Structure formats: structure tokens, C-alpha cells
Amino acid sequence: LSSARNYVYVDGAPVTGAALAYAATFPATPSLFAVTAGFRAFLIRDTSSTILTQPPMSFAENLQQTANYTIFMYDTLTSPKQKIVVNNIIIPTDTTARVRFANFIFTRTAVPNVDIFSLKRNANVFTNVGITEVTGYLPYASALNDTLYVRETGTSNLLATMNGFNPVRKRSYTLVFRGRYQTTGTTGLARLLSSFSSN
């Protein structure tokens, strides 16, 4: 939450050309860049020359050849965390898209897990997903202009709504529940469901 000037480095070399603010993805669409396989050292940090409140985040990962990954940053400006997950990208042979869900809502108190309900399907697409969990991809009808609801698991208690989710065929999407759980409305840190494409 509230990050404004993050840059990403791999093995000491800058990868991003511009600062990433809260809720941004890099690159924008599709959200991917290439690095050499093997043991890679990542650094994500605020490069401001003024007083820094965000500690740099340094981590390493043994990246497999031809594999595809997503790095999620979450938590707060003063306590940033990351989670790297493998993207199981499979290009559909039909007209469907593929969709997964990541729950990175922020809260200091215990809150329920969540379901994602599709208005077009009239059913839950993902169920009982806890904070920092990332589901696998599943097939999803393309070009359907869906409305998605984030609900407390097993209830109709609405936490967030995404209107106009219209996946393109053969593309893979990640839905992200983000923001501060206790913040509602339209402020920058309000809880929100958003999406990005991984291919």
C-alpha cells in the first residue's frame, strides 16, 4: 500500500525504465519480461534521494528455463513483502481464455476468506481463497463482458465489484483483490478487484 517509486533490478541491472506506483504492473500489457534462467537475484526498491520509509526488498529465485513467473508485492510501504509464483500458461485450443485469482488484500485483523462470483455464470468461480493465496488457472468464456463480485466465503456479503470483465480468447488473466480490507469507497487504498494479462 502507498508505494510510489519502485524500481526492479535483476542481478544488479535495472529492469524497469520508470517508477512503479501502488497497483501498477510491469510491463503493463502483457505483464512480462525475459531474464536468463538460473539463480537470479532480485532487488525492488524506492530510489528517492529524500528520506526513505520503504526498506529495499532483496530476494533470489532459481528460475527454470521456459517457465513463466509472477512477482506479487504486498503488505505496506514500511513492511513490503513479495510472493513469486509459477504461471502455468497454456494456450487454449478453443475460444476460451484462462483466469486465476490472487488474494492480496491488506488487513491487520483476521478476516474471512473470499469467493469470486460470476454474474454470467451465476456461480462462484473461485471459492474459499485466503490472503496471499493464488489459485491455478481455469478455462473462462471469452468476450462475455462479465460482472464479478468478491464475497466473504459462503455468504452474499459483498466486498468488491468488477464491472466489464471481458477476457480475450487464448489470453491468461490474473484477478487481484487488493487494497485495505477496512477501507471502502473510491479512495486509492480502498479494496478493489482488478485484473492483468500474463500473455
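On a 1 Å grid over the protein atoms alone, a pocket is an open set of points where a 1.4 Å probe fits, with protein on both sides within 12 Å along at least five of seven lines, and its lining residues have an atom within 4 Å of a point. The model examined here is predicted: local features need pLDDT of at least 70, side-chain atom pairs count only at pLDDT 80 or more, and totals for chains, interfaces and linings use all residues. Residues are numbered from 1 along each chain as its sequence is written, and side-chain values use heavy atoms, without hydrogens or water.

The largest pocket is lined by 46 residues, and Ala 24, Thr 70, Ile 71, Phe 72 and Met 73 lie nearest its centre. Strand 5 gives the most to this lining, with 8 residues; strands are DSSP runs of E, at least two residues long, numbered from the N terminus.

Strand 1 (6-10) and strand 3 (38-46), which each supply at least two residues of that lining, also belong to an open sheet of 4 strands in the order 2-1-3-4, with antiparallel pairing. Strand 2 (13-14) and strand 4 (57-63) each have a single partner strand, so one side of each lacks a neighbour in the sheet. Pairing requires at least two DSSP bridges, and strands 1 and 3 are joined by 5.
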